[in-house]
Amino acid sequence: MPVLTDRQRIELAAPAYLLYALTGAPDVFVPADPDLVARAEADVTELRGNLRTACLEPFADLPPSKRQALIRRLERLKRLVTVEWHERPALSFMLMLWCFLKDLTDREVLILWEGSAMDQATRKLMPMCEHGFEKHEDGFAAQEQAVALLRRLQAEGLYR
């Protein structure tokens with residue numbers, strides 16, 4: 001098994017980490033039917049569990065001090081890209097992150113192994129995001145924002 005570089009580990013963890021941070025915000029997921037609140041809460045809890053696992057997996061084989069250093073780097077990266085997240089609705093960020101993730105997987109920059117925590121999270125997110133694109137007129141804006149996010153991360157030396 002090839003050894004991953006620190007950069008590769010961060011690249012693997014970043015999409016899950018950004019999604020995990022966003023899914024913790026209030027009112028990111030609002031069920032279409034009030035009768036589905038309990039089911040939606042269970043789905044979001046499962047989604048967050050899978051995202052948490054996915055963002056920690058790339059560091060699992062590292063000694064604790066190295067693992068903590070990379071997690072701190074990941075946290076700094078999150079702070080860098082989420083500075084303006086308080087200025088817009090959470091749905092627009094979710095759609096942007098979905099477009100970002102889809103671009104990475106479509107170009108095979110990020111490969112989601114079937115059954116992995118990130119694969120399970122993506123399968124859970126897909127219908128939620130598709131519903132968001134149906135209700136949200138700014139699908140094109142989300143794609144443009146995803147490109148801007150990628151450029152920002154590339155400026156930090158990632159996803160080159």
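The model is predicted. Its largest nonpolar core has 44 residues, and helix α4 gives the most to this core, with 11 residues. The structure holds one aromatic pair, and a search of the whole structure finds 11 salt bridges.

**Nonpolar core**

- Within the largest nonpolar core, the residues with the most contacts inside it are Leu19, Leu22, Leu74, Leu97, Phe100, Leu153 and Tyr159.
- The elements that give two or more residues to this core are α1 (6-23), α2 (37-56), α3 (64-81), α4, α5 (117-135) and α6, with α4 giving the most.
- Once neighbours within four places in sequence are set aside, leucine 74 is in contact with Ile10, Ala13, Ala14, Tyr17, Cys55 and Phe59.

**Helix α4**

- Helix α4 covers residues 90-106, and 12 of its 17 residues are buried, so this helix is largely enclosed by the rest of the structure.
- The buried residues of α4 are Ala90, Ser92, Phe93, Met94, Leu95, Met96, Leu97, Trp98, Cys99, Phe100, Leu101 and Leu104.
- At 1.5 Å a residue, the 17 residues of α4 should span 24 Å, and this agrees with the distance between its end C-alpha atoms, which are 24 Å apart.
- Just after α4, glutamate 108 takes a positive phi of about 60°.

**Aromatic and charge–ring contacts**

- The one aromatic pair of the structure is formed by phenylalanine 100 and tyrosine 159, whose ring centres are 5.7 Å apart and whose planes stand at 85°, so the pair is edge-to-face.
- This pair links distant parts of the chain, since phenylalanine 100 belongs to helix α4 whereas tyrosine 159 lies in the segment after α6 (139-155), 59 residues apart.
- Phenylalanine 100 and tyrosine 159 are both buried, and both are listed among the residues with the most contacts inside the largest nonpolar core.
- A charged residue also meets a ring elsewhere: arginine 48 lies over the face of tyrosine 20, at 4.0 Å from the ring centre.

**Salt bridges within helices**

- In helix α2, arginine 39 and aspartate 43 are four residues apart and hence separated by about one helical turn, and their side chains meet in a salt bridge (3.5 Å, N to O).
- Glutamate 75 counts as partly exposed at 22% relative accessibility, and arginine 79 counts as partly exposed at 46%.
- In helix α4, lysine 102 and aspartate 106 lie four residues apart, about one turn of the helix, and their side chains meet in a salt bridge (3.2 Å, N to O).
- Lysine 102 counts as partly exposed at 40% relative accessibility, while aspartate 106 is exposed, with a relative accessible area of 52%.

Definitions and conventions. Residues numbered from 1 in each chain as written. Predicted model: local features only at pLDDT ≥ 70, side-chain atom pairs only at ≥ 80, totals over all residues. Heavy atoms only, no water. Phe/Tyr/Trp six-rings, centres within 6.5 Å; stacked < 30°, edge-to-face > 60°. Buried < 20%, exposed > 50% of the residue type's maximum accessible area, 1.4 Å probe, protein only. Lys NZ or Arg CZ within 6 Å of the ring centre and 35° of its normal. Expected span 1.5 Å × (residues − 1). Core = buried A, V, L, I, M, F, W, Y, C linked by side-chain atoms within 4.5 Å. Contact = heavy atoms within 4.5 Å. Salt bridge = Lys/Arg side-chain N within 4 Å of Asp/Glu carboxyl O.
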